[in-house]
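Biologist: Please take me through how the pieces of this model pack, and give the cut-offs as you go.

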Amino acid sequence: MGQITATLGKTIKEFLRQKTILFWTIAWPILWVLIGSFSFVENVPNEVISYTRGAIAVSMSVFALMTAGMANLPGNIAQDRERGLLSKLMSMPINPWRDFVGRILALLAFSSLAAILVTLVGYGCGARFSYSPIGLLQGIGFLLLVSLASAGIGMLIGTFIKHVHGAIMSGVGIAVVTAAISGVMTPYPYLPWLLQQFARTYPISSSSSSITFLLVGEDYAGYNPLSASQITFTVVISLLLFAGGLVAYSRFCWKKE
Amino acid sequence: MDALNVEKLTKKYGDNEVLKGVDLKIAEGEFYALMGPNGSGKTTLASIIVSVRSPSGGKIEIYGKKPEDAKGLIGYIPQESFSSPILTGKENLMYFAGLLGYSKKAAEKIVNELLNKIGLSEDANKRVSNYSGGMRKRLEIATALFPDIKILILDEPTTGLDPSARRKFLGLIQELRKEKITVLLITHIGADAELASRVGLIDEGKIIAEDEPEGLKKASGLKDVINIETATKSEKVAKMLSKFSEKKKVLETDVGYRVYCKDVEESIPEIVRSLDAIGCKATKIETEKPSLEDVFFKLTEKMIREVS
């Protein structure tokens with residue numbers, strides 16, 4: 001076993017055994033898939049209803065990744081700091097980068113599990129997708145970008161908000177509010193102009209639209225998020241958020257006083 | 001070679017000087033207790049030794065190495081309970097074994113040995129949230145007992161433990177001494193410090209006295225102490241008792257007061273009469289040998305711990 005495997009194992013067990021984490025990351029999105037798939041499609045023509053359900057499943061899978069990165073990760077960091085584990089780790093011959101990699105791998109594994117479960121429930125509710133193998137791979141790439149951007153925001157929260165509940169609730173709050181106003185939860189065409197601009201700028205909603213575009217169809221994305229400039233912008237901002245979170249975590253959480 | 005050598009260590013936070021040139025030497029295999037009240041700098045000193053904080057000045061050597069290079073030799077137990085409550089005891093130890101680079105097979109073997117040593121083999125697969133405070137502390141001490149660790153630094157390990165768990169925990173520390181592990185115990189509890197081979201008293205960022213427990217008591221000049229348990233505590237009672245005490249100072253305890261008289265036998269009847277006169281009922285009066293808390297009080301005129 002190495003440091004990465006040890007941290008990965010510990011973190012993923014902690015994710016899987018905490019009811020609040022399971023609720024916000026898996027049960028809550030599944031609940032909305034169930035509600036959305038049956039209540040929000042009354043006026044949708046029969047021939048497209050399964051794709052509408054597909055779009056709902058994509059949105060809620062993205063939301064699951066958002067809560068995993070923005071709430072679970074900072075909650076885990078804040079918890080380890082609050083109970084003195086980070087001090088203990090700082091006293092040991094440990095490489096902080098390996099601790100970080102272990103945490104991120106655990107987050108990606110848990111996020112993947114959540115997204116798969118949410119998608120499977122969507123599929124069980126009648127969601128259908130229309131995609132090519134390349135489109136599927138590109139979709140997975142955008143899911144990874146969602147995870148990285150969410151993890152970046154999560155690390156910033158976990159670094160600067162010291163208390164566990166504060167960190168978790170801040171993450172949940174940011175995830176819920178930004179998902180609601182950026183087109184992740186609300187269809188892009190229904191957003192006012194200003195929020196449509198935000199939806200294109202916010203890398204998570206832009207990635208979400210890209211996944212919907214690739215796996216469900218252009219009509220469901222509301223605009224073409226796959227222009228070269230939009231993709232470049234989404235990738236750069238996602239990576240910048242991740243890098244910002246990483247710098248904050250490594251500089252402040254592991255900093256000697 | 002000294003296990004730990006601290007010279008002229010200082011630590012400042014802005015204008016606040018928390019450590020004011022601390023010198024400390026601990027020999028290999030020694031059990032040293034550093035005792036002082038909250039805010040005296042003892043936790044800051046421990047956290048600098050274990051590389052969690054940086055010093056402002058001075059020098060630290062652990063087996064002749066800089067603290068950063070000696071991390072593998074130190075087992076540090078911070079004040080907080082750092083084990084994960086939703087993992088089992090064994091999973092917590094396996095995590096630390098993994099961090100230290102043990103293979104899964106080697107980790108299993110060492111962790112089982114450690115669980116046996118701390119008496120938690122039967123509860124190894126229970127979640128830590130189901131452990132008592134004492135069991136959790138014993139589990140945490142096991143994280144500092146992996147092979148190659150030579151110095152154990154325990155920061156207030158018995159705080160919050162009930163008397164039985166505290167005794168069990170201290171018994172475990174005594175057992176470890178047989179393995180020649182050097183122990184630095186940070187505490188504000190005199191009875192815990194009594195177990196050490198040497199005690200340092202720290203106040204306002206300086207070690208003010210250092211010796212074997214009995215040596216410190218002898219040097220303080222304190223003889224017997226009158227320990228009085230009262231039904232109620234008040235300024236009036238303390239003021240009255242102070243008349244009987246050396247330098248007119250009495251130490252307030254959780255259940256009453258400690259009075260330092262030159263002639264204990266003569267003073268007790270008078271104290272009883274005076275307490276009666278002011279309507280305070282003494283539930284227990286006894287003479288005791290001075291404790292390390294009394295010694296600290298004598299030297300600083302400060303209580304080492306806040307009374308409840």
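**Helix packing and interface**

Biologist: At roughly what angle do the axes of α6(A) and α9(A) cross?
Modeller: Helix α6 (residues 133-160) of chain A and helix α9 (residues 203-215) of chain A have axes that come within 9 Å. Helices here are DSSP runs of H or I with at least four residues, strands are runs of E with at least two, and both are numbered from the N terminus. Axes are lines fitted to C-alpha atoms, for helices over the stretch in contact, with angles from 0 to 180 degrees between N-to-C directions. The crossing is at roughly 165°.

Modeller: As to provenance, this is a predicted model in which local features need pLDDT of at least 70 and side-chain atom pairs count only at pLDDT 80 or more, while totals for chains, interfaces and linings use all residues. Residues are numbered from 1 along each chain as its sequence is written, and chains are lettered from A and ligands numbered from 1 in the order in which they are written.

Biologist: Is α6(A) roughly parallel or antiparallel to α9(A)?
Modeller: Angles under 35 degrees count as roughly parallel, over 145 as roughly antiparallel, 65 to 115 as roughly perpendicular and the rest as oblique. The crossing angle of α6(A) and α9(A) is roughly 165°. Therefore α6(A) and α9(A) are roughly antiparallel.

Biologist: How many charged residues has the contact of α3(A) with α6(A)?
Modeller: Helix α3 (residues 46-82) of chain A packs on α6(A) at about 30°, with the axes 8 Å apart, and the two are therefore roughly parallel. Residues are in contact if their C-beta atoms, placed from the backbone, lie within 7 Å; Leu73(A) of α3(A) and Ile153(A) of α6(A) are among those making the contact. Ala, Val, Leu, Ile, Met, Phe, Trp, Tyr, Cys and Pro count as nonpolar, Asp, Glu, Lys and Arg as charged, and the others, Gly among them, as polar. The contact has 15 nonpolar residues, five polar and no charged ones.

Biologist: Which element gives the most to the side of chain A that touches chain B?
Modeller: In the interface, 23 residues of chain A are in contact with 27 residues of chain B. With eight residues, the most is given by α1(A).

Biologist: Which are the edge strands of the open sheet in chain B?
Modeller: Three strands form this antiparallel sheet in the order β2-β1-β4; strands pair if DSSP finds at least two bridges between them. Each edge strand pairs on one side only, and these are β2 (16-27) and β4 (57-62) of chain B.

Terms used. Two residues are in contact if their C-beta atoms, placed from the backbone, lie within 7 Å.
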